[in-house]
Amino acid sequence: MVTTNYYGLKKPEGTDPVNIQDLNGNADIIDSELAKKAGKSTATQSVDGLLSREDKKKLDGVAQNANAYTHPASHPSSMITQDATHRFTTDALVSAWNSAVTHISDAVKHITAAERNLWNTVSNKVDKINGKSLSTNDYTTGEKNKLAGIATGANNYVHPTNSGNQHIPSGGGSGQILRWNGNGAAAWGEDTNTWRGIQNNLSSNSAVDSLAAAQGSALNNKISSLNTDLANNDLKIGVLCSV
């Protein structure tokens, strides 16, 4: 006996006996599934049903993730960003500004305590003497020329000589070298390069040692001589044949 793909209804084949329980079971499954389907009436807020065209039109006009937003009638001042031309003020500051405007707008001229003190101490100044640049402490032409030769903002700077101030970073240890450490920077670190030995002969079988410069020159001469022999057909090649 086979069954349907979706609801598992039993389907007796030609040689299967017909069982009334199978028929009743199929009917119960169909009845249960039909009960889950919406009716043909329009849905309400409490009962499932079909969607009316008015509701469908309204639903199509609603944006994805929309909500019933109502813009508030007022906002907290903390959400406003202040800058050089937009500042909050208080009633006390406004009152103080108004008083200041009234104070400086009358016919009487006002001075500050600092200005009054400056005027009162003028009598303590040294009187100007003809032929003197400033006072009895003569300001000579040599001093003026010296001042003219000094750059604006110059100072008596002495480059420090302690560790870390000689354009080499402090620290480091025996066997370490300066290694690249970013744009324009260096740091002490271990030397990770492997230095190879130097062989001064052409018969070494070493796979890691370097060839001495003298032997390299000798090898180069032999290659040049061989190329000359090849060009002049002077190279004699011996052939060993077995008999």
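Modeller: Lys-10 is partly exposed, with a relative accessible area of 38%. This is a value from a predicted model. The side chain of Lys-10 meets that of Asp-22 in a salt bridge, at 3.2 Å from N to O. Lys-10 belongs to strand S2 (residues 10-11) and Asp-22 to helix H1 (residues 20-36), so the pair ties together parts that are 12 residues apart in sequence. Asp-22 has a relative accessibility of 11%; because buried means under 20%, Asp-22 counts as buried.

The structure holds 3 salt bridges, and another of them links Lys-56 with Asp-60, whose side chains meet at 2.8 Å, N to O. Both residues are in helix H2 (residues 53-60), and because they are 4 residues apart there, about one helical turn separates them. Lys-56 is partly exposed, with a relative accessible area of 38%.

The remaining pair is Arg-53 with Glu-54, where the closest N and O atoms are 3.7 Å apart. Arg-53 has 70% relative accessibility and so counts as exposed, the mark for that being over 50%.

Now the chain as a whole. The protein chain has 6 helices and 6 strands. From the N terminus on, its elements run β-β-α-α-α-α-α-β-β-β-β-α. Among contacts between residues at least 6 apart in sequence, 2% join residues at least 24 apart.

Strands S3 (residues 176-180) and S4 (residues 186-190) run antiparallel and are joined by 5 bridges. Within this pairing, Arg-179 stands opposite Ala-187 in S4. The two strands form a hairpin with 5 residues between them, and Gly-182 in the turn has a positive phi of about 110°. In a regular strand, side chains alternate between the two faces of the sheet.

Terms used
Residues are numbered from 1 along each chain as its sequence is written. This is a predicted model: local features need pLDDT of at least 70, side-chain atom pairs count only at pLDDT 80 or more; totals for chains, interfaces and linings use all residues. Side-chain values use heavy atoms; hydrogens and water are left out. Two strands pair if DSSP finds at least two bridges between them. Contact means heavy atoms within 4.5 Å. A salt bridge is a side-chain nitrogen of Lys or Arg within 4 Å of a carboxyl oxygen of Asp or Glu. Buried means under 20% relative accessible area, exposed over 50%, partly exposed in between (1.4 Å probe, protein chains only).
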